[in-house]
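The tour below goes from one selection to the next.

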Amino acid sequence: GAAPEGLPAQDVRAALAASLAPMGVVVSVKPLAASAPAAPAREDEPGEPFVYTLRGPDRLGLIASITGVMAAHGVNIVGLAATTSETPEGKVDRVALVFQVALPQGADLPALRQALGGCASSMGMEGSLQHRDIFEAMHRISPL
Amino acid sequence: MLTEREVLSTVEMLKGEHLDVRTVTLGVSLFDCQAESTSALCARIDAKIRRLAEHLVPACDEIGAKYGIEVVNKRISVSPIAVACAGQDADGMVAVAKTLDRAARDVGVDFLGGFSALVEKGMAEGDRALLDALPEALAETGRVCASVNVASSKAGINMDAVARMGRVIKAAAERTAASGGMGCAKLVVFANIPQDVPFMAGAYLGVGEPGAVINVGVSGPGVVKRALERAVERAARRGEPFSLSEASEVIKRTAYKVTRVGEIIGREVASRLGVPFGVADLSLAPTPTVGDSVGEIFKVLGLSDIGAPGSTAALAMLNDAVKKGGAFASSHVGGLSGAFIPVSEDLDIARAAESGVLTLHKLEAMTAVCSVGLDMVPVPGDTPAETLSAIIADEMAIGVINSKTTAVRVIPVPGKAAGERVSFGGLLGESVIMPVPAGSGAGFIGFGGRIPAPLHSLKN
């Protein structure tokens with residue numbers, strides 16, 4: 001709750017205690033830090049659905065390397081699709097890998113991004129980790 | 001089930017087509033900051049902005065990273081200062097402007113809008129003080145944006161205020177001559193100003209808005225352009241027809257996707273900060289970057305340049321299709337919500353102005369069918385105040401008669417003539433100085449008074 005400006009916490013507590021004690025209610029009053037954020041981040045809940053895309057020139061070992069990083073961070077892969085493009089001569093040159101993943105509870109998102117980013121650039125690829133809701137929001141007409 | 005095509009098209013929009021959230025703007029009401037003294041007022045304003053905006057930038061960055069979408073700008077809009085600080089004189093208003101500037105800098109936002117007055121029917125004391133303070137406030141601060149609403153469809157046009165604003169703009173330009181008259185780039189004169197615009201320089205938090213609110217503006221002219229190009233190519237490849245009916249559909253569907261980005265980010269930032277979500281402004285807002293241009297869309301639509309014959313019709317279609325797609329995408333659409341045509345802020349529009357294809361006459365016509373007005377238009381430094389006022393009066397008339405928002409953000413660049421160049425830097429861009437039409441309306445402006453509200457405003 002919000003107390004009138006300038007009213008000390010102990011006065012609030014005393015007033016509440018006086019009314020509520022007869023009902024057997026114990027009162028405690030603590031000032032909220034003015035900067036407390038309103039809602040916790042959702043990424044740490046179990047199995048938050050993310051999508052990881054990896055795009056660039058095709059080469060051996062892409063999937064093996066990137067899934068190794070994912071496994072090391074406890075990321076569960078629930079779907080994988082690959083799209084390739086070809087040169088006019090019919091040789092596969094570029095690939096786009098789309099991983100649908102679930103992040104473990106308490107995942108360290110910045111660390112995961114850094115690890116994935118390092119692996120991607122070491123292979124000459126461009127990667128992007130995004131919560132799945134953004135794709136659903138853009139391509140579906142169901143409510144957010 | 002998400003298809004990989006959907007995922008990859010989104011990624012391409014974000015990485016290759018300049019899709020981003022152009023601004024998340026936190027509105028902060030300052031009506032409860034009134035105090036006996038200027039210093040107490042400024043202290044309350046400062047404390048309130050810091051308290052409410054403390055987590056704005058980190059929340060936007062974190063939520064942006066979660067979805068892989070950059071929130072390019074975080075901004076603040078406040079209650080119209082002429083009203084919120086009505087007891088202040090001009091010096092007090094300047095002090096308030098400096099307070100706003102400092103608070104904006106310290107919480108990490110690049111612009112703060114709301115140093116504003118609403119004078120469509122007449123001026124009150126606070127309005128006069130703010131107008132007196134404007135040139136100095138704009139010269140002495142870097143992040144504060146100002147707006148003055150001089151007309152509305154309900155009230156008509158306050159021609160005294162229109163006359164005054166021509167002089168204010170000249171004074172603001174003179175005081176910021178060293179930066180090319182940059183003070184004027186932070187000042188907009190409006191008809192029918194919306195009270196929830198997230199974009200600068202016209203953002204302010206209106207009366208009737210909640211104590212704090214999040215409004216969001218996305219941007220995707222590059223996405224719309226690429227979608228049109230792909231549709232044209234695909235139709236050609238398959239031997240299918242591609243007419244303006246199809247073009248309008250493509251724009252509408254693309255606008256839906258672009259606006260959804262703003263909706264999801266805006267709602268989550270609002271929730272994280274514990275404030276209500278206000279509106280998504282679905283405008284196509286360009287930046288001076290290749291591929292992020294509204295002007296380029298005109299080329300795909302078959303015009304040689306923006307400003308060529310056909311531009312008004314093309315813009316009408318674009319503006320309308322954007323509104324239709326965006327309206328379906330968001331729970332609450334507001335702000336300006338259309339297509340912007342700012343001359344210096346769009347590489348292609350600036351180029352069309354330089355080549356002479358785009359003139360002030362054509363820009364004026366186009367403002368009748370888009371959601372802004374004459375925006376970021378550099379004109380010769382010796383343009384008389386009365387001419388600036390007459391240009392404003394014309395724009396206001398378009399807005400008032402057509403029940404839409406129009407505005408003027410014009411910069412008379414001191415010491416420069418038509419054909420020379422000016423650069424404002426950053427997002428404000430650069431451009432050639434555009435010639436002003438010949439002839440004078442000084443006598444007309446000299447009459448002053450009020451142009452009455454149009455007949456169609458009698459809706460009671």
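A salt bridge is counted where a side-chain nitrogen of Lys or Arg is within 4 Å of a carboxyl oxygen of Asp or Glu. This is a predicted model, in which local features need pLDDT of at least 70, side-chain atom pairs count only at pLDDT 80 or more, and totals for chains, interfaces and linings use all residues. Residues are numbered from 1 along each chain as its sequence is written, chains are lettered from A and ligands numbered from 1 in the order in which they are written, and side-chain values use heavy atoms, with hydrogens and water left out.

**Stop 1: chain A.** Select chain A, which has four helices and four strands (DSSP runs numbered from the N terminus: helices are H or I with at least four residues, strands are E with at least two). Starting at the N terminus, their order is α-β-α-β-β-α-β-α. Of the 144 residues in this chain, 31% are buried (under 20% relative accessible area; exposed is over 50%, partly exposed in between, with a 1.4 Å probe and protein chains only).

**Stop 2: Glu126(A) and Arg55(A).** These two form a salt bridge, with 3.4 Å between the closest N and O atoms. Glu126(A) is in strand S4 (residues 126-131) and Arg55(A) in strand S1 (residues 48-57) of chain A, so the pair ties together parts 71 residues apart in sequence. Arg55(A) is buried at 16% relative accessible area, while Glu126(A) is partly exposed at 37%.

**Stop 3: Asp106(B) and Arg50(B).** Move to chain B, where the side chains of Asp106(B) and Arg50(B) meet in a salt bridge of 2.9 Å, N to O. Asp106(B) belongs to helix H5 (residues 90-107) and Arg50(B) to helix H2 (residues 38-53) of chain B, so this pair links parts that are 56 residues apart in sequence.

**Stop 4: helix H7 of chain B.** Select residues 159-175 of chain B, the 17 residues of helix H7. Is H7(B) mostly covered or mostly open? H7(B) is mostly covered, with 12 of its 17 residues buried; among them are Met159(B), Val168(B) and Ile169(B). Arg164(B) is also buried, at 19% relative accessibility, and its side chain meets that of Asp132(B) in a salt bridge (2.7 Å, N to O). Asp132(B) is partly exposed, with a relative accessible area of 46%.

Key
The expected span of a helix is 1.5 Å times one less than its number of residues.
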